[in-house]
Amino acid sequence: TSLGRGLLALLSRDTLDEETWEEVEDTLLTADVGVGPTQELVERLRTRVRVLGTRTAEDMRLMLREELVELIGPGMDRSLKTARHPDGRPAVVLVVGVNGTGKTTTVGKLARVLVSEERDVVLGAADTFRAAAADQLTTWGERVGVPTVRGAEGADPASVAFDALKQGTELEADVVLVDTAGRLQNKVGLMDELGKVKRVLERQGPVDEVLLVLDATTGQNGLIQARVFSEAVAVSGIVLTKLDGTAKGGIVVAVQRELGVPVKLVGLGEGPDDLAPFEPEAFVDALLA
Amino acid sequence: MFNTLQDRLSATFKGLRGKGRLSDSDIDAAARELRVALLEADVALPVVREFVAAVRERAKSPEVQQSVNPAQRVLDIVNEELIAILGGEARRIRLAKTPPTVIMLAGLQGAGKTTLAGKLARWLRGQGHQPLLVACDLQRPNAVNQLQIVAERAGSAFFGPEPGNGVGDPVDVARRAVAYAREKQHDVVVVDTAGRLGIDAELMQQAADIRDAVKPDETLFVVDAMIGQDAVVTAQAFLDGVGFDGVVLTKLDGDARGGAALSVAKVTGRQVMFASNGEKLDDFDVFHPDRMASRILDLGDLQTLLEGAAKV
Ligand SMILES: Nc1nc2c(ncn2[C@@H]2O[C@H](COP(=O)(O)OP(=O)(O)OP(=O)(O)O)[C@@H](O)[C@H]2O)c(=O)[nH]1
Ligand SMILES: Nc1nc2c(ncn2[C@@H]2O[C@H](COP(=O)(O)OP(=O)(O)OP(=O)(O)O)[C@@H](O)[C@H]2O)c(=O)[nH]1
Ligand SMILES: [Mg+2]
Ligand SMILES: [Mg+2]
């Protein structure tokens, strides 16, 4: 099988035979790009190859890279809106996603980035459900030197979020980062609860960023996650975590293609500095490697 | 939503159903749809290949060709082959001849290990055991507190002598836990470990060291049902790095098809033993291969469709 072999090596032969095409397809499939997008990509590539009379695998590889980068939208705005509002209200970033993807860790890392830019940050522990979730966030807050607003265990997450924003405003913070409990997108009650968290924050003004945290190991369910969370809370950006592992995170190709929501950040480890901006070219190169 | 899988397969099989005999090209068409269906269910590509080849082979046999309804036979074969890989009857936990029985949990970050520890404790207590939950994740912020709370909720004893958050040696804690269990007469020890990546050699060695220190009767690989093609790579890495005896599939309360179950079982030869299907301690069940088979291929619905088609 082609598993584990790089596309570069695969394509070192200098003619384009059926086997080569199959290997291209396999590379995309094993990166979780999904059957639909893979077949479309390969089809488009085949057409281009025919039209241009491309003969070498290397040229084809470059074309594939180009197509993938194009799909991911190189021109998309991937910046985070974290500037304080003219009325003195802090920017609000709401972090959402299914269970265990890395939301709390991402909030901690993001706080670290903002602190290093000399901005004042307040964390809101709106996960009042999972055992020790607020403790975990508080530890992150201490680690990066920012305060954490928390409620009692089982408290209404919307009211904790509200308190965090209130305290953030009082403290004249630049950014309030709100961590939420993991929830599977097919749990209607929990999705409604998330909608309420957002609405309560919006009473003070628009939420600046809603970041959906997707785990790079996620397969085809990732697209459904993105779809349902977007419907519930209008996701403005994606954080693709755990890219330091063997998973390629190819599902974000379909996510960006279908929803147009840009991946903004990537998680590359469990430490405070393991957060980086998403770079389409680097992502595609890793996907094809 | 995601109906392509169901639509495609049912369309193909409906086509097949009208015929008394399956031509090679019918079988090839069905095999192609089966391949797509499995890939969309996140079954790993190498497993898909082997699986489809096996089904195709059997579909061409006289047994199928001479059956009254070949299309139905093909469906049955798909189901049978799936269940065969997923492992028939679920295996029970092996208890040690001399207690304590040691169960070690291992898996990727965020898979659901700590939650599972609580579920196992609750379940074991229900069977008359006196479990001890051991906090060997001394790395992730507040993993120790999390396990402690989970143990309380499960009404289980807890052993967490080190504060964690980077302080303490998990191998040492594991070793002391077994001695402690013996002394306090806990007959089952459940060791929660930190999440780790398959490629993290250092942490994989740590897991192997914990294993060597406690000699588990069961090492369970905990895997998220939402995982995609990485399932096989990671499962193999854990098999090589620390070894495991059984698999637990988590987050089955979601709408992922759970092809990982098939991938991991096929590649490692280890059975899925338990299913975790919720955040609460009771959301836990022994694994049912037949249910998983229909989940992966949406055969429940497909069956209904076929029955509907037959009436028309
Ligand atoms: N290797 C790696 N691990 C990560 C990354 N991000 C988070 N993790 C780990 O993944 C696990 C889950 O992270 P959390 O931040 O607790 O995830 P969460 O989404 O807040 O989880 P819930 O609140 O329980 O839904 C932890 O062990 C983290 O250390 C990453 O980018 N790389
Ligand atoms: N919906 C659902 N959530 C689950 C299930 N099992 C665990 N979770 C959730 O998944 C998240 C991660 O679970 P943990 O038990 O902390 O996972 P872990 O493997 O111990 O994570 P690390 O220690 O960080 O590697 C938490 O939000 C759990 O509540 C399940 O079966 N269904
Ligand atoms: Mg969290
Ligand atoms: Mg844990």
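**Ligand surroundings, helix packing and backbone**

A: A polar side-chain atom of A:K103 lies 2.6 Å from an oxygen atom of ligand 1, as a polar contact (N or O atoms within 3.5 Å; within protein, one able to donate a hydrogen and the other to accept it, with sequence neighbours counted only if both atoms are side-chain atoms). This is a predicted model, in which local features need pLDDT of at least 70 and side-chain atom pairs pLDDT 80 or more, whereas totals for chains, interfaces and linings use all residues. Side-chain values use heavy atoms without hydrogens or water, residues are numbered from 1 along each chain as written, and chains are lettered from A and ligands numbered from 1 in written order.

Ligand 1 is placed between chains A and B, and 22 residues surround this ligand (a heavy atom within 4 Å). The closest of these residues are A:G102, A:K103, A:T104, A:T105 and A:E270. From chain B, a polar side-chain atom of B:Q109 is found 3.5 Å from a nitrogen atom of ligand 1.

Ligand 2 likewise lies between chains A and B, and it is surrounded by 23 residues, of which B:G112, B:K113, B:T114, B:T115 and B:E279 are the closest. Backbone atoms of chain B supply several contacts to oxygen atoms of ligand 2: a backbone N or O atom of B:A111 is 3.1 Å away from one, a polar backbone atom of B:S276 is 3.1 Å from an oxygen of this ligand, and for B:G278 the corresponding backbone distance is 3.0 Å.

Turning to the helices (DSSP runs of H or I, at least four residues, with strands as E runs of at least two, numbered from the N terminus), α3 of chain A, residues 35-52, packs with α4 of chain A, residues 57-72, at an angle of about 130° and with axes 10 Å apart. The pair α3(A) and α4(A) is therefore oblique (under 35 degrees is roughly parallel, over 145 roughly antiparallel, 65 to 115 roughly perpendicular, the rest oblique). Axes are fitted to C-alpha atoms, for helices over the stretch in contact, with angles from 0 to 180 degrees between N-to-C directions. The crossing of α3(A) and α4(A) is right-handed (near helix turned clockwise from the far one by less than a right angle; anticlockwise is left-handed). On the α3(A) side, A:L41, A:R44, A:L45, A:R48, A:V49 and A:L52 meet A:M60, A:M63, A:L64, A:E66, A:E67, A:L68 and A:L71 of α4(A) (heavy atoms within 4.5 Å). By class, the residues of this contact are 9 nonpolar, no polar and 4 charged (Ala, Val, Leu, Ile, Met, Phe, Trp, Tyr, Cys and Pro nonpolar; Asp, Glu, Lys and Arg charged; others, Gly among them, polar).

In chain B, helix α3 (residues 45-59) packs with helix α5 (residues 70-86) at about 140°, their axes being 10 Å apart, so α3(B) is oblique to α5(B). These two helices pass in a right-handed crossing. The contact joins B:F51, B:A54, B:V55, B:R58 and B:A59 of α3(B) with B:R73, B:V74, B:I77, B:V78, B:E80, B:E81, B:L82 and B:I85 of α5(B), a set that divides into 9 nonpolar, no polar and 4 charged residues.

Helices α9 (residues 201-214) and α10 (residues 230-241) of chain B have axes that come within 9 Å and cross at roughly 50°, which makes α9(B) oblique to α10(B). Here B:M204, B:A208 and B:R211 of α9(B) meet B:A237, B:F238 and B:G241 of α10(B), giving 4 nonpolar, 1 polar and 1 charged residues.

As for the backbone, B:P99 and B:P100 are joined by a cis peptide bond with omega about 5°, and B:P100 sits in the loop between α5 and β1 (101-107) of chain B. In chain A, A:D32 belongs to the loop between α2 (18-30) and α3, and its phi is near 70°, a positive value in a residue other than glycine.
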